[in-house]
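The sequence and structure come first.

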Amino acid sequence: MYDENGIEYLDCINNVAHVGHCHPKVVAAAANQLAQQCTNSRFLHDNMVLCAQKIASTMPEQLSVVFFVNSGSEANDLAIRLSRHYTGHKDVVILDHAYHGTTITTTDISPHKWHHLKDYKQKKWVHVAPQPDAYRGMFRSPEHTDADLGRLYAGEVEKITDRIAKEGRGVGLFLAESLQSCAGQVFLPEGYLKPVYEAVRSTGGLCLADEVQTGFGRIGTHYWAFQEQGVIPDFVTIGKSMGNGFPVAALVTTPEIAGTFVKMGIEYFNSYGGNAASCAATLAVMQVIEDEQLQNHAKRVGD
């Protein structure tokens, strides 16, 4: 990066410029598309289909439907809406210190935000599980092994789902970043998500992996951080680095869950989500990740 005086800086904090600031291939892809056509998504364009196919190709097979939106907040908000229609349940389980967005609904599920709001009252449908932090949490290393930590922290989520079930309700959605970002770069303990997902699904709930800040190869070992836990979520939300600074995000889910809108008689439409220029930028970002082997680079540097 360069300031107005031409002084050069190394950007070590940016969570958006995934392939570097103003990568020429991403700039060219977006600029070329803007020079040809960029309007609302009612005008069909190949880029949307190509981009959806590219994203789906990196996901587990059943996660094959992509809803394009403009931000991670919007993607998480849409997932909550879909989960309520699909499950018939409203209760949401989140992790302490989580951040999932800035809309009214996503602020209500973001303790990272409302912990700082004066006189804020936590919504009755929001249930906060302890942050699975091995260093500052209620269970810590080296007092417990990593595998034990996963089991112990998952047990705290199971207590919440059991309580909801005893009250005659079910969980609508469990949301968690696959690696907590704003909460302090907290890695989930080994084996944490499997029993959590099982507990949530036992009450009829769905599970969401928020990959807005952790996806697209950033953890090195996998393209998506949830893959490290060996689970398959019902929703994956992506954004930020997706367009390398160009506004674009998405919600990925299964055909069955996506079909809920049809069953409810509700048409989903987003004026700018999935517009041709945003999809061109996303396709370019994913191509650069492959061409420059950035996932392998992340692993090598991280190791």
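## Packing of H6 and H7

In this predicted model, helix H6 (residues 146–166) and helix H7 (residues 193–202) pack at an angle of about 5°, with axes 9 Å apart. Axes are lines fitted to C-alpha atoms, for helices over the stretch in contact, and angles run from 0 to 180 degrees between N-to-C directions. Helices (H or I, at least four residues) and strands (E, at least two) are DSSP runs, numbered from the N terminus. H6 is therefore roughly parallel to H7, a term for angles under 35 degrees.

H6 contributes Ala154, Val157, Glu158 and Thr161 to the contact, and H7 contributes Pro195, Val196, Ala199 and Val200; contact means heavy atoms within 4.5 Å. Six of these residues are nonpolar, one is polar and one is charged. Here Ala, Val, Leu, Ile, Met, Phe, Trp, Tyr, Cys and Pro count as nonpolar, Asp, Glu, Lys and Arg as charged, and the others, Gly among them, as polar. An α-helix has 3.6 residues a turn, so residues three or four places apart point the same way.

## Surroundings of H7

Leu193, Pro195, Val196, Tyr197, Ala199 and Val200 are the buried residues of H7 (buried is under 20% relative accessible area, exposed over 50%, partly exposed in between; 1.4 Å probe, protein chains only). They pack against H6, S4 and strand S7 (206–210). Just after H7, Gly204 has a positive phi of about 90°.

## Ser178

Ser178 sits in the loop between strand S4 (171–177) and strand S5 (179–180). It counts as buried because its relative accessibility is 7%. Leaving aside residues up to four places away in sequence, Ser178 touches Leu188, Ala209, Asp210, Glu211, Thr214, Ala225 and Phe226.

The side chains of Ser178 and Glu211 form a polar contact (2.7 Å). Such a contact is a pair of N or O atoms within 3.5 Å; within protein, one must be able to donate a hydrogen and the other to accept it, and residues adjacent in sequence count only if both atoms are side-chain atoms. A polar atom of the Ser178 side chain also lies 3.4 Å from the backbone nitrogen of Phe226.

## Cysteines

The whole structure contains zero disulfides, defined as pairs of cysteine sulfur atoms within 2.5 Å. For Cys22, the closest cysteine sulfur is in Cys12, 17 Å away and too far for a bond. Cys22 is exposed, at 65% relative accessible area.

Cys51 is in no disulfide either, and the nearest cysteine sulfur, in Cys279, is 4.2 Å away. Cys51 is buried, at 0% relative accessibility.

## Basis

Residues are numbered from 1 along each chain as its sequence is written, and side-chain values use heavy atoms, without hydrogens or water. Local features need pLDDT of at least 70 and side-chain atom pairs count only at pLDDT 80 or more, while totals for chains, interfaces and linings use all residues.

Methods. Parallel < 35°, antiparallel > 145°, perpendicular 65-115°, else oblique.
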